[in-house]
Amino acid sequence: MGDEFDYIVVGAGSAGCVLAARLSEDPATRVLLLEAGPPDRSLWIHLPIGYGKTMWSDTYNWRFETDPDPNMNGRRIYWPRGKTLGGSSSINGLIYIRGQREDYDHWAALGNTGWGYDDVLPYFIKSEGNQRGAIPLHGGDGPLKVSDIGAQHELIEAFIAGAHQIGPSSVRRTDDFNGAAQEGAGYYQLTTHKGWRVSTAKAYLAPARGRANLRIETGAFAAGLIMDGTRAVGVCYRQGGVMKQARCRAELLLAAGSIQSPQLLQLSGIGPRRLLQAHGVPVVVDSPGVGENLQDHQQNRLSYECTKPITTNDQLNSFVGQLKIGLQWLLLRSGPLAIGINQGGCFMRALQGPDGKPEAATPDIQFHVATLSADMAGGQVHPYSGFTMSICQLRPESRGHIRIRSTNPFEPPEMQPNYLATELDRRTAVAGMKAARAIAASAAMQPYVLREVKPGPGAASDAELLEFCRDSGATIFHPTGTCRMGSDALAVVDARLRVIGATGLRVIDCSVMPTLVSGNTNAPAVMFAEKAVDMIRADARRRT
């Protein structure tokens, strides 16, 4: 095929695999897919519970760390990101969440035509292969398989009941967080199929691998874009210690994620003039918004010791338990190995006003409930029967940035999340902690709670809870927004995801989100790619 293609896709992650597979459906279209990491051959990638391993892997994970965050008591926060075919869809927690209707309607209200909920819903449905079939609001035969967890767990059942017993923030049971309304407590659906993880590499790329018009290069670290004036015509990448080039006739598609897409743009002269000049990068497009508008779901984890030996800790800490769950998976493709860690959750309005009523019109807090407790550093399971409730604010006001430190493409950029920078974010974090404690103290949950391990009784006041968030808070792994879509001076891409001021160049990943969606980000990343392919094809037809 040579080194010239119609489309080059940089990054084989949640969006990149979809782009390469869909665009190569046309046998006359030549597509190159570049991935810095290795192939996705590890069993731990494909085993749902394996992300307890890959989350700390040097091989399949970029293992980024943020810069010291002054709002988190100067701590660096660990940011895992996938570095293999499938990207973060190969190492994530498998939870299938789209967000709220209002998230997308807000994007459209900001001037992003074609991005309201009714516009994006067909692409969610197109991508989804839900085991429940093609029911309202869901797809039954899409590539991305979505499955129910299956067997109920008595601890999750107690949590669901407890969430309905806590007063003003109480929520009822739901069986579909992606239905007409998100609010409720229930079991998550996961991107699994018959006991295996379904990454975008497995769902989209694997069926396309035999196509003669698709080349997939792994171990190919993109170092910069090749620009002809303001037109993107190719990419430089390092593979096997050798610098290489590839060129494209139609478009270069950046799908490297919210950290590396803005980094590549900045290294290539597309970014804030002052930043580029400070590092001696010739300015191709002065785009002050590149790398700005960083948003993330900041996570706070409450861990508990359980009164009964019913948690995954008990199984993993026992040879007999390990044997049992291993046989469950081998014989039935069920049990903890087929599910992952977070089985249940809740979307609620936790922040309350002076009148005691919820302030937000839609859920402002998400819970991830794990029938397991472990150290964040390294993932070592605790020796006792334990479970975890982690909470995150769904729509943070805090904004951070991604900025190159030098012209060295192999040096991680400056990553400053700036968590808890606003009063709303701080109040909501504390409100979420209180809601978690209220559920733990509910009549339904009390038979299962021996003690609160973290934060523990030493954190009682609002100030002490906030300090716990600063001392121990982390991320729920959803950095977004650094190449945001819009039409104002700080927008990086337009509503068709084309880089403003450049030609032949688009960004197609979660960095284009104007504001963070209310939930996990893998399903929206897939939606972006499905929708982008239709736009790319439509624009190509107009050019001809």
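**Close-ups of a predicted model**

**View 1. Strand E1 beside strand E13.** Six bridges join E1 to E13 (residues 242-254), and the two run parallel. Strands here are DSSP runs of E with at least two residues, helices are runs of H or I with at least four, and both are numbered from the N terminus. Two strands pair if DSSP finds at least two bridges between them. Look for Val-10, which stands opposite Leu-254 in E13.

This is a predicted model, where local features need pLDDT of at least 70, side-chain atom pairs count only at pLDDT 80 or more, and totals for chains, interfaces and linings use all residues. Residues are numbered from 1 along each chain as its sequence is written, and side-chain values use heavy atoms, with hydrogens and water left out.

**View 2. Strand E1 beside strand E2.** Four bridges pair E1 with E2 (residues 31-34), in the parallel sense. Here's Val-10 again: its bridge partner in E2 is Leu-34.

**View 3. How E1 (residues 4-10) sits in the structure.** Six of its seven residues are buried, so E1 is largely enclosed by the rest of the structure. Buried means under 20% relative accessible area (1.4 Å probe, protein chains only).

**View 4. Helix H1 meets helix H7.** The axes of H1 (residues 16-23) and H7 (residues 200-208) come within 9 Å and cross at roughly 25 degrees. These axes are lines fitted to C-alpha atoms over the stretch in contact, with angles from 0 to 180 degrees between N-to-C directions. H1 and H7 are therefore roughly parallel to each other (angles under 35 degrees count as such). The contact (heavy atoms within 4.5 Å) includes Cys-17 and Arg-22 of H1 and Tyr-204 and Leu-205 of H7.

How values were computed. Angles under 35 degrees count as roughly parallel, over 145 as roughly antiparallel, 65 to 115 as roughly perpendicular and the rest as oblique. Buried means under 20% relative accessible area, exposed over 50%, partly exposed in between (1.4 Å probe, protein chains only).
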